Structures are given as structure tokens and as C-alpha cells.
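Work through the two exercises below with the model open. Try each task before reading its solution.

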Amino acid sequence: MKIKGFAHVYQRDDINTDEIIPARYLNMDKEKDLALHAMEDLDKEFLKRVKRGDFVIAKDNFGCGSSREHAIWALRGSGIRAVIANSFARIFYRNAINNGFLAIECKDIADKVSKGDELEIDVSNGMIKNLSKNEEYSFTPLPEFAIELMDAGGLINYIKKK
Amino acid sequence: MSGMTITEKILARHCGKEKIVPGELINAKIDIIMCHDITTTPAIDMLEKAGIDRVFDPSKIVVIPDHFVPNKDIQSAEMVNRIRKWAKKHGINNFYDIGRHGVCHAILPEQGHIVPGMTIIAGDSHTCTHGALGAFATGVGSTDIAAALAAGELWFKVPETIKFQVDGKLASGVYSKDIILAIIRDTGVDGALYKAMEFTGSTISDLSVEARMTITNMAIEAGGKSGIIEPDKKTEEYVKARTDKEYSVVRSDKDAGYLDIKKYDASKFEPIVAFPNLPSNGKNINEIKEDIRIDQAYLGSCTNGRIEDLRIAALIMKGNKVKKGTRMIVVPATTDIWKQANKEGLLDIFMEAEATVSTPTCGACLGGHMGILAKGERCISSTNRNFVGRMGHPESEVYLASPATVAASAIEGKIADPRGYLK
């Protein structure tokens with residue numbers, strides 16, 4: 001599977017779930033409603049720039065803090081197809097796998113990619129092509145179990161089939 | 001073959017294996033699923049969409065709406081109402097509605113739902129609290145909750161364990177909150193990413209079970225998957241006073257494998273304040289040279305809203321007043337704590353000091369309601385996170401500290417050392 005999109009780069013560690021979707025919006029749980037506030041406390045311009053299929057790029061410990069899956073839904077609802085970071089907080093990563101949402105661990109990606117670069121992610125082969133810079137970066141392939149879940153259409157369908 | 005840690009042993013028992021090793025993917029049976037108001041309705045939606053109209057075992061599900069209760073607006077009222085109806089339909093009797101309400105991680109152990117050796121999950125990152133009773137407890141998302149509600153089990157990657165050995169006597173005015181803020185300052189907010197954090201040593205043994213909960217509660221703030229403390233006599237007394245559930249105590253083997261062992265001398269710890277915007281940003285109170293004026297002091301939450309916390313704060317507040325221009329909000333974590341504090345006259349002490357006492361709720365800890373901060377305001381808080389906008393406006397600030405430091409700061413209207421009030 002190959003997917004193309006544009007990069008929104010944050011030179012930041014520890015982007016937390018309160019920044020991705022502030023708790024004041026947790027009285028809602030629908031993707032389309034949450035999407036209207038994605039990244040609101042981090043980047044007021046995010047929603048103006050983001051286009052369907054784009055990627056968020058960051059440094060270490062992306063998604064730390066709360067267990068709210070709303071963070072995944074807000075990002076996905078806003079159009080984001082994948083987050084590529086040096087590392088992820090545990091619950092965010094788990095929620096991504098369970099939702100079939102791409103959370104890709106790629107070393108020092110935020111130092112390599114510039115805002116607006118066009119990237120092509122080859123999910124199966126663990127490669128990212130930077131089409132704007134004509135560079136390639138390899139990443140840790142997704143765990144087999146994560147791919148199984150994605151193929152099944154998420155955790156609920158997976159256990160239903162079992 | 002080396003031995004196993006307490007965490008590995010509990011997980012092994014719950015997946016029917018003699019031996020498991022870190023990194024292994026397992027399906028573990030779940031003993032308690034706790035559902036609160038924010039993360040449960042999406043799980044109910046998922047189950048309905050998948051056509052699954054059952055739960056695996058209603059007696060193992062505990063429902064505690066706490067984040068936005070008493071309902072803060074129409075949307076939260078609708079959410080809680082939906083959960084209420086869902087629980088009734090599926091025969092879930094462990095439902096803590098208004099009148100028995102409180103912060104989920106304070107209610108679960110208080111009401112005897114947790115015993116040593118259990119596995120507990122909840123759609124809340126501070127689920128790691130329950131490791132204080134020698135159980136494996138971890139926060140998960142709504143999809144996990146839905147899956148576990150249906151199947152009674154869930155996938156886990158067995159975590160590596162880091163041991164935090166804390167020995168020595170705490171000085172007066174220094175509490176378990178200061179211990180965990182010191183550990184997080186040392187490890188960083190991702191220093192224990194994906195790991196089980198096992199806390200041990202004479203200082204931990206000397207702490208009450210409630211004070212231990214403050215430590216395991218904040219394991220997630222170091223990135224941990226879980227925090228755990230081996231059960232001892234105090235744990236067993238605490239548990240037996242609350243439930244007659246059977247359990248067996250699990251301990252780490254002497255030859256268990258640890259990723260790392262970190263040692264701390266607790267006698268050197270001082271009151272710590274974690275500055276914005278990370279819990280790892282702790283400074284010893286002595287190092288704070290400038291006056292940091294505060295608009296609000298907040299005492300409550302799953303971290304520090306228990307009776308011992310209220311007692312310490314009341315001891316400091318007694319005969320004093322909250323500084324003019326500063327607001328103090330006290331939120332007992334559960335209904336039983338509220339009643340006990342009332343009986344002991346603690347609530348009177350707070351009200352006489354011109355603080356206010358709220359009904360139990362997660363409230364302003366996560367910027368929900370009952371004490372939201374305006375632009376530019378500062379709050380010293382006994383809670384667990386000081387991220388951007390955590391308690392209100394993105395340009396407000398949260399400083400994390402122990403209940404004693406919060407109380408002293410409320411009196412002085414600026415961040416203050418509690419030790420002067422304890423002589």
C-alpha cells in the first residue's frame with residue numbers, strides 16, 4: 001500500500017492529547033464534530049492548511065497524556081491520513097492500531113522533512129519517499145498484529161471474526 | 001531461566017501461561033473494566049454498529065461517570081443518560097450515580113472493587129493508579145473498551161519493567177506527590193514509555209496505601225504502561241476492610257529481569273513544584289527565587305483528592321485565610337471522602353478559610369468545569385498534568401504540587417513552602 005500526501009511539520013516533542021483535542025470538546029464524540037477543533041491549542045492555522053490525505057510530522061512521544069481516542073478521530077476527521085514521528089506515547093499508538101490509523105515511527109523525520117513537502121509512504125515496505133526533496137527514509141515496519149487488525153477493519157471486527 | 005516480575009506473573013496467570021517474556025503479544029483475561037462518561041459512549045456505538053448486544057460479564061464492569069458530572073451541559077447530560085440506560089439494559093449494577101459519585105480511580109479501590117493480582121482496564125490514562133494494590137492496571141482507548149466489554153479479554157504486549165527503589169525517611173512537609181514528581185523529573189515524560197514501573201523500597205513501605213496511589217497514578221506521566229507496588233500487610237488490611245473477594249498475592253521473583261533499576265534517597269527530597277507545561281518540569285521549592293503569584297489553588301483529583309490529602313491541607317489552612325485575590329477550590333474525590341471530611345470538620349476549616357468545597361468530580365483538573373482558568377491566569381494544583389490549556393485557556397498556567405504546597409500557596413497567594421506551617 002502506497003499513500004501520498006503533504007507534510008505538516010512540528011519540531012516538537014510531547015505533543016499531547018490536550019493540544020490535539022482539548023478536553024472542553026470531549027462532550028462530543030463524533031469524528032466530524034471533533035475534526036473542527038483538531039490541534040486547536042497547538043496550531044490555530046492547522047485547519048486552514050490541512051487537506052485530505054495529509055500527514056503530521058513530529059518528534060518524540062507524540063500523543064502523550066490522556067487515553068482519549070478522540071485524538072485519533074479529530075486528526076482523521078480533519079483529513080490527516082498518518083502521523084509520522086520519532087516515537088509515540090503508548091495509548092495513542094495502541095488507539096491508532098485499533099483504529100487502523102497509521103502511526104509510523106521514523107527516526108529524526110522532523111529534521112528531514114520540511115513544511116509542505118510531498119511524501120509517499122510505502123506502508124508494506126517501510127519506506128517514505130520525499131518527492132519534493134528526492135530523498136528516501138526507511139521506517140520500522142508496522143507490527144504484524146497491527147497489519148492483521150488493519151486488514152480486518154479494526155479491533156472490533158477482528159474479535160467478531162474470532 | 002530467570003524469574004518473573006510481579007507484572008509478568010499477573011499477566012501470565014491471565015493468559016493461561018506458565019512463563020511470559022517482555023515483548024510477547026498476549027491475550028489477557030480482564031477482571032475489571034471501568035467505564036466513565038467520556039470514553040464509554042463511543043464504545044457503545046462501536047458495539048451497536050458491530051451488532052454485539054451483550055457484555056461478557058456485568059459483574060466485572062463498573063460504571064462511574066465522573067469527568068463532567070454533575071452534568072455540566074446538555075451534551076454531557078445526554079452522554080451520561082445513554083450510559084445509564086446501557087448499564088441498566090445489560091444488568092450492570094455497579095453504577096455510581098449522583099449521591100454515590102466521585103472520581104473513578106478514587107472510587108474503585110475505596111469501594112473494594114480492586115484486589116491484588118487483578119487485571120484492570122479503563123478508558124482513562126490514570127488507570128495505572130490501581131497498581132498501588134499490587135494489580136496490573138492500564139489505560140486504554142474506547143475501541144479497547146468495546147472489545148473487552150464483548151470478549152472479556154484484550155491484547156497486550158508484555159512490558160519490560162523498570163524498578164524504582166526509594167529508600168530513606170521523608171522529611172516533614174514532603175509527601176508521596178513530591179516523590180513521584182522527583183522521579184518524573186528524573187526520567188522525563190517518556191522515560192518509561194511502554195514500560196511497567198515497579199516502585200519499591202523502605203520509603204514506599206512506610207507510605208499509607210492511599211499515598212502509594214498518588215505514585216502509581218502518575219506512572220503515565222513518565223510514559224509508563226502501568227505502575228505497580230507489591231502488596232504488603234497494609235495493602236491486605238486496606239483490601240480486607242472493603243471486600244471479601246478472594247485473591248492471591250503476587251510478588252516479583254528475586255531473580256526477575258529488570259530493564260533498569262533506579263535508586264533514590266528519599267531523605268534528600270524536598271517539596272517540588274512542576275512548572276508549565278510538563279509534569280517533568282519539577283523544581284525544588286528552595287530553588288524558586290522569584291514570587292510566582294497565583295490566581296487559583298486547586299485541591300482534588302484522582303492524584304490527590306483523598307481524605308489524607310484533605311487532612312494535610314486542612315491542618316495547614318486551619319486558622320488561616322486564602323489570600324485576597326486568590327481563589328481556592330477543594331474537591332473531595334468521592335462521596336465517602338466528602339462525608340468523612342465533613343464529619344472531621346475539614347470542610348468547615350476550608351470554608352472558614354474562604355476556600356470553597358465542591359461536590360466530587362474530575363472537574364477543572366482536565367478543564368471540564370468547576371474552576372476553569374481565564375487567559376493569563378495561574379493555578380497551583382494537586383492534579384497530574386500541566387499541559388497547555390489543561391485547566392482552561394491555552395494561555396493559562398498550571399503548577400503541580402502536593403496538597404500541602406497547594407494549601408500554603410493559597411494562604412500566601414503565591415507559590416509557597418508548606419514546611420513553615422508544619423512546625
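**Exercise 1: a helix pair in chain B**

In this predicted model, helix 2 (residues 37-49) of chain B packs against helix 5 (residues 142-151) of chain B at an angle of about 55 degrees, and their axes are 8 Å apart. Classify the packing of helix 2 of chain B against helix 5 of chain B, then describe the contact.

Solution. 

Step 1. Take the angle, about 55 degrees. Angles under 35 degrees count as roughly parallel, and 65 to 115 as roughly perpendicular. The angle therefore makes helix 2 of chain B oblique to helix 5 of chain B.

Step 2. Assign the hand. Helix 2 of chain B and helix 5 of chain B cross in a right-handed sense.

Step 3. List the contact residues. Helix 2 of chain B contributes B:Thr39, B:Thr40, B:Pro42, B:Ala43, B:Met46 and B:Leu47. Helix 5 of chain B contributes B:Ser142, B:Thr143, B:Ile145, B:Ala146, B:Leu149 and B:Ala150.

Step 4. Sort them by class. The contact of helix 2 with helix 5 of chain B holds 8 nonpolar residues, 4 polar residues and no charged ones.

**Exercise 2: a sheet in chain A**

What is the strand order of the open sheet of 7 strands in chain A, and which are its edge strands?

Solution. 

Step 1. Read the order: 4-3-2-1-5-6-7 in chain A, with mixed pairing.

Step 2. Find the edges. Strand 4 (102-105) and strand 7 (135-138) of chain A each pair on one side only.

Step 3. From one strand to the next it averages 30 degrees.

Step 4. Check one pair. Strand 2 (residues 55-58) and strand 3 (residues 82-85) of chain A run parallel, joined by 4 bridges. Opposite A:Val56 stands A:Val83 of strand 3 of chain A.

Terms used: Residues are numbered from 1 along each chain as its sequence is written. Chains are lettered from A and ligands numbered from 1 in the order in which they are written. This is a predicted model: local features need pLDDT of at least 70, side-chain atom pairs count only at pLDDT 80 or more; totals for chains, interfaces and linings use all residues. Axes are lines fitted to C-alpha atoms, for helices over the stretch in contact, and angles run from 0 to 180 degrees between N-to-C directions. Helices (H or I, at least four residues) and strands (E, at least two) are DSSP runs, numbered from the N terminus. Angles under 35 degrees count as roughly parallel, over 145 as roughly antiparallel, 65 to 115 as roughly perpendicular and the rest as oblique. A crossing is left-handed if the near helix is turned anticlockwise from the far one by less than a right angle, and right-handed if clockwise. Two residues are in contact if their C-beta atoms, placed from the backbone, lie within 7 Å. Ala, Val, Leu, Ile, Met, Phe, Trp, Tyr, Cys and Pro count as nonpolar, Asp, Glu, Lys and Arg as charged, and the others, Gly among them, as polar. Two strands pair if DSSP finds at least two bridges between them.
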